[in-house]
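Please keep the sequence and the structure in view while reading.

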Amino acid sequence: MSHRPRSGLAAVSSALLAMSRHLEVRDVLKTIVASARELLDAQYAALGVPDDHGGFAQFVVDGVSDEQWRAIGPLPRQHGILAAMLHEAKAERLADVRKDPRFEGWPAAHPDLADFLGLPIRDGDEVIGALFLANKNCPRRDGSCGFTEEDEELLAILAQHAAIALTNARLYERSRELTIAEERSRLAHELHDAVSQKLFSLRLTAQAAAALVDRDPARAKGELHQVAALAAEAVDELRAAVVELRPAALDEDGLIATLRTQTQVLDRAHTARVTFTSNGFRALPAAQEEALLRVAQEALHNALRHSGAAHVDVSVQRRGCGAVLRVTDDGGGFDPKAIRRAGRHLGLVSMRDRASGVGGTLTVESVSGKGTTIEMEVPGG
């Protein structure tokens with residue numbers, strides 16, 4: 001690579017940085033393909049991720065318009081040159097793919113390909129994709145055009161880094177799936193413990209009112225008032241659960257806007273006043289912002305359902321390169337030591353785990369009858 005111009009090395013560096021910048025698998029695939037096509041100056045580039053049924057689970061192209069792609073039709077099968085790259089796990093560099101004995105044609109709307117360069121993307125011994133380019137733009141001095149041995153070496157480097165980026169993206173998405181599963185499990189327990197119990201009480205109270213309506217109308221009226229109160233509490237529980245089930249729009253809106261929206265919804269759903277303030281906050285790494293959001297949700301859950309607070313305040317302030325979240329309520333408070341002795345945690349273990357998982361700290365201050373303050377600090381990027 002020492003004979004390549006400095007601008008070429010800069011282009012390689014930019015391509016590798018671009019691949020490592022994304023965490024979603026689809027975004028990583030698109031970045032790999034676009035980087036390869038630009039770096040090797042080709043008309044077309046594509047990357048296929050094989051499935052277990054002779055086709056491709058994902059297939060990303062660059063250099064083809066959306067209209068052309070729709071006209072081409074279904075995703076290709078693993079045949080011809082593509083199958084050779086996947087099954088033999090070696091590079092394919094051809095002067096004219098149409099003259100290769102393995103060539104099996106393409107749909108009518110498919111662009112006409114000539115010179116071809118393809119490489120498998122490998123994670124250890126496993127082939128996790130096939131990256132290929134077609135139709136080199138720059139002609140040689142003799143007027144011909146095609147990919148060179150140097151192009152193949154460069155694409156091999158790109159494929160190695162593509163394997164790392166793609167593997168990391170898959171691990172990230174798997175981690176997110178596990179987090180979502182954990183959140184759903186937690187919410188399922190909460191719904192069972194809270195809403196289901198209230199609905200059961202509501203049914204028993206309604207049955208008591210029906211039994212009393214003829215012989216003791218006054219008592220029946222009291223029972224019906226209790227039915228209304230229980231129904232209102234159940235609605236509050238459901239609204240709070242729905243807020244937590246909604247995907248946090250951190251990527252689109254950021255932490256501050258997401259927290260502000262959620263506190264506004266909770267303020268409308270509960271009798272307690274819920275407020276939010278922020279000052280000097282700047283964007284943090286995604287994992288830290290998600291941890292701050294989840295701790296805020298857990299602390300709000302405790303304050304609104306267990307403390308009897310009239311006012312709950314959420315604030316996020318900048319602190320050095322990081323930030324500090326503070327959730328304060330004027331409720332009944334509790335003795336943290338007594339909570340631990342009783343085997344109850346009020347989500348404190350989960351909150352501490354979330355804080356430590358992103359390099360942060362969690363502090364809980366509470367005194368019976370004097371409210372609670374939960375503070376989480378993260379270091380920033």
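## The open sheet

A42 stands opposite K136, a residue of strand β5. Strands here are DSSP runs of E with at least two residues, helices are DSSP runs of H or I with at least four residues, and both are numbered from the N terminus. The model is predicted, so local features need pLDDT of at least 70 and side-chain atom pairs count only at pLDDT 80 or more, whereas totals for chains, interfaces and linings use all residues. Residues are numbered from 1 along each chain as its sequence is written, and side-chain values use heavy atoms, with hydrogens and water left out.

Strand β1 (residues 42-50) and strand β5 (residues 126-136) run antiparallel and are joined by six bridges. Both belong to an open sheet of five strands with antiparallel pairing, in the order β2-β1-β5-β4-β3; two strands pair if DSSP finds at least two bridges between them. β2 (56-62) and β3 stand at the edges with a single partner strand each, so one side of each has no neighbour in the sheet. On average, neighbouring strands of this sheet are turned by 15° against each other, direction ignored.

## Helices across the sheet

Helix α2 (residues 25-39) lies across β1, β2 and β5, and runs at about 40° to β2. Helix α4 (residues 80-88) lies across β1, β2, β3, β4 and β5, and runs at about 140° to β5. For these angles, axes are lines fitted to C-alpha atoms, for helices over the stretch in contact, and the angles run from 0 to 180 degrees between N-to-C directions. Contact means heavy atoms within 4.5 Å.

## Residues around the strands

D41 lies in the loop between α2 and β1. Its phi is near 55°, a positive value in a residue other than glycine. D41 is partly exposed, with a relative accessible area of 27%; buried means under 20%, exposed over 50%, and partly exposed in between (1.4 Å probe, protein chains only). N135, in strand β5, also has a positive phi, near 65°, but N135 counts as buried at 9% relative accessibility.

Is D115 buried or exposed? D115 is buried, with a relative accessible area of 7%. This residue is found in the loop between β3 (92-94) and β4 (116-123). Beyond its neighbours within four places in sequence, D115 contacts several residues, including L94, D96, N135, K136 and F147.

## The nonpolar cores

A nonpolar core is a set of buried Ala, Val, Leu, Ile, Met, Phe, Trp, Tyr and Cys residues joined through side-chain atoms within 4.5 Å. The largest core has 34 residues, of which L325, L362 and M376 touch the most other members. Among the elements that give two or more residues to this core are α8 (250-269), α9 (286-306), β8 (322-329) and β10 (372-378). The greatest contribution, nine residues, comes from α9. A second, separate core of 29 residues includes A45, L47, A159 and A165.

## Helix α11

L348, M351 and A355 are buried in α11. They cover an arc of only 65° around the axis, which puts them on the same side of α11; the arc is that of the directions from the helix axis to the C-beta atoms. The buried residues of this helix pack against α9, β9 and β10. Just after α11, G359 takes a positive phi of about 80°.
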